[in-house]
Amino acid sequence: MTLSAEEVRKVALLARLELDDDEIERQTRHINDLIARFEALQEVDVTGIEPTSHSVPLVNILREDVVKPSLSRDEVLANAPESRDGCFIVPRIVEGAG
Amino acid sequence: MSDLHDRTAVELVDLIRTRQVSAIEIAESTLARMDAVEPRIHAYITQTPDRAVEQAAAIDKRIARGESLGPLAGVPLALKDVLCTRGIRTTCGSRILPEFIPPYTATAVERLTDSGAFTVGKTNCDEFAMGSSTENSAYGPSRNPWNTDCVPGGSSGGTAAAIAAGDAVIGLGTDTGGSIRQPASFCGIVGMKPTYGRVSRYGLIAYASSLDQIGPMTRTVQDAALVMNVMAGHDQLDSTSVDLPVPDYVAACRSDVRGLRIGVPREYFGEGIEPAVSSLVRAAINKLCEMGAVAEECSLPHTEHALPCYYIIAPAEASSNLARYDGVKYGHRTKELAGHTGLTEKTRDEGFGDEVKHRIMIGTYALSAGYYDAYYKRAQQVRTLIRREFDAAFGKFDVLLTPTSPTTAFRIGEKSDDPLAMKRADVLTIPANLAGIPGISIPCGFIDGLPVGLQILAKPFDEETIFRAAYSYEQSTDWHTSRPPL
C-alpha cells in the first residue's frame with residue numbers, strides 16, 4: 001500500500017502543517033518507505049492479544065482537592081509571542097468584529 | 001590540580017569532602033576544558049559558565065560553614081536540552097523554541113542540583129530527541145570526540161560528546177528508542193536507560209510519553225549508579241513514576257558475577273550487525289564467563305518487529321505531544337499573519353525540521369480514521385508480544401547481553417539522505433523501550449579508533465543486577481580509562 005501526494009496533503013492538513021510542493025514530494029517518499037516496513041507487522045498473529053499502551057500498569061492517582069502553589073499568570077505568559085491584559089493574543093479570527 | 005574535569009564524580013566528591021579541592025577549582029577546570037574543545041565538538045547549545053561559578057561558590061560557602069554536603073557536591077553536570085531548567089533557555093534543538101525560558105525545573109535535574117551538582121550547560125540533541133546522530137539539530141551537528149568527522153550518535157549526542165571530551169563529568173540524556181545508549185556506545189562512555197517509571201519525567205519535554213526515560217551518562221559505571229541513587233524514585237508530579245523503594249545502586253557495583261545467568265539472543269547478532277562489533281561483544285561475554293557467569297544462547301523472535309512497531313507508536317504519540325506548538329503559548333510565531341488556522345500551519349512549517357515533520361505526519365496518518373486498527377492498535381499488540389518475550393527470557397536469565405549498536409559511529413552526512421538507514425541504527429535498543437525494561441551501554445573495545453558498546457538488559461526495576469554485571473566487566477578492562485585524542 002502506498003500513499004499518493006494528494007493523501008499526504010490531507011494528512012498535512014490534519015497535522016496542521018503547511019507544506020510546500022517540494023516538502024509534500026519528499027514526505028510522500030519517506031512515508032511510503034516507512035509504510036513498506038510496516039507491512040511486516042501484518043504477518044504477525046495478534047489474535048486475542050491485548051494491546052500495550054504503557055509497559056507498567058497505570059492506575060489513577062488521586063489527591064485531596066486542595067489549593068497548592070502554582071505558577072503565576074505572569075510566569076505563564078512570559079514565553080508567549082504576544083500577550084496583553086493577562087491574556088494570550090492571537091490574530092483576529094472573525095472579520096469585521098469589534 | 002589541572003585535570004579535575006577528567007576525574008570521576010566519585011573522586012571529585014571525595015576531593016571536595018576532604019577539602020583537597022574547592023568546587024570553584026573544579027568549575028574552572030571544566031570551563032577551561034569547554035573553551036578548549038567546544039569549537040571542535042559543539043556539544044552544547046547553551047553554556048552557563050556564570051551560573052556554574054555561582055553554584056560552585058555556594059557549595060564552597062557551605063563547606064566553609066561546615067554544613068552538610070549532598071552526594072554530588074561539586075560535580076559538573078551537562079543537561080540534554082529537552083530538560084526544563086528554570087531561567088535557562090531550553091530549545092529541544094528546534095527552531096520552534098528558540099528562546100523558551102522554562103518557569104520550572106525538571107524533577108530529575110532538581111534532585112541532582114539539590115545534591116550539589118552544578119550545571120555547566122544545555123547539550124545539543126536531535127530536534128525533540130528525534131534522530132540517531134544529532135544532525136537533526138537546528139543548532140548544527142555535534143562531533144564525536146574520537147573522530148570529529150563522525151557523529152556522536154543521538155539523540156543525546158551532545159551529552160555523550162561532552163562527557164567523552166571532559167566537557168562535564170556527569171550528564172543527563174533521554175532515551176525513547178536508544179537515545180542514551182547508542183550515543184554512549186558511539187562515544188565510549190556509560191549510558192543507562194532506567195526502567196520506565198523509575199525516574200520522574202516531570203519537566204522532560206515529551207517526544208513519545210510511553211517510551212521516554214531520563215538516564216545518566218557518565219565515564220564510569222559507579223558514577224552512573226551515583227546519579228541514579230539521587231535521581232530515581234517516585235515523584236507525585238509524574239503519575240507514571242513508580243512508587244517503589246530505591247536501592248543503593250552504588251553498593252550494587254561490586255565485582256562478582258559468579259552464577260550470573262547470561263542470555264545471548266541470537267537475533268541481536270544477525271544480519272546487519274558489523275562482524276567486528278559482534279566479536280568484541282562475544283569477547284566481553286567470554287570475559288564475564290571466565291569470572292564465573294554462565295552464558296547460553298537464546299532467541300527473541302519478535303526482535304525484527306520492534307523497529308516497525310516503534311515507528312508507529314512513537315510518531316503517533318509525538319503527533320499528539322507536538323500539537324502544543326501552535327505559536328500562541330510559547331515559542332516561534334510566524335511573522336506572516338493570516339487567520340488563526342493559517343497562523344498555526346505556517347508557524348509549524350517554519351519551526352519544525354524535516355524529521356520532526358516526518359514523524360508528525362506518520363503519527364497523524366497511523367492514528368487517522370480507517371488506519372487505526374491496521375497500524376496503531378496492531379503495533380500495540382505486537383508490543384505486548386515483545387514484552388512477553390522478554391518476560392519469558394528473564395524467567396531463565398538474569399541479564400541479556402548484546403551489542404548496543406550494529407556499527408561504530410558513522411560519518412557526518414553519511415546517512416542524512418537515507419532516513420531508513422538512520423533508523424536502523426536503533427534496531428538493537430528499541431525493544432527495551434517498547435518493553436519498558438532497563439538497559440545500559442558500556443565500552444567494550446574499539447574498531448579503527450572508534451568505541452564499541454556492550455548492552456546489558458535486565459528485567460523491570462532490576463537496575464542493580466545491571467550495575468553489578470557492568471561494574472564487574474568494566475573493572476576487568478581498561479576501556480573506561482581511555483581518552484579521545486583531542
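Predicted model: local features only at pLDDT ≥ 70, side-chain atom pairs only at ≥ 80, totals over all residues.
Two residues are in contact when their heavy atoms lie within 4.5 Å.

Select the interface first. On one side, 68 residues of chain B are in contact with 52 residues of chain A. Together the two chains bury about 5300 Å², and 64% of this area is on carbon and sulfur atoms. Next, highlight M361(B), Y365(B) and R378(B): within chain B these lose the most area to chain A, together 13% of what that side buries.

Now display the side chains of D354(B) and R26(A), which form a salt bridge at 3.0 Å, N to O. Six salt bridges are found across the interface, and 24 residue pairs of chain B and chain A are in polar contact.

The most is given by α13(B), with 13 residues. By class, this side of chain B holds 32 nonpolar, 19 polar and 17 charged residues.

Select R37(A), E271(B), G272(B), R424(B) and V427(B), the closest to its centre among 20 lining residues. Two or more lining residues come from each of α2 (21-42) of chain A and α10 and α14 of chain B; α10(B) provides the largest share, four residues. The lining comprises nine nonpolar, five polar and six charged residues.

Key
Residues numbered from 1 in each chain as written. Chains lettered and ligands numbered in written order. Heavy atoms only, no water. Buried area = accessible area lost by both parts, 1.4 Å probe. Salt bridge = Lys/Arg side-chain N within 4 Å of Asp/Glu carboxyl O. Polar contact = N/O pair within 3.5 Å; in protein donor to acceptor, adjacent residues only side chain to side chain. Nonpolar A, V, L, I, M, F, W, Y, C, P; charged D, E, K, R; others polar. 1 Å grid on protein atoms, 1.4 Å probe; cavity = no way out; pocket = protein on both sides within 12 Å on 5 of 7 lines; lining within 4 Å.
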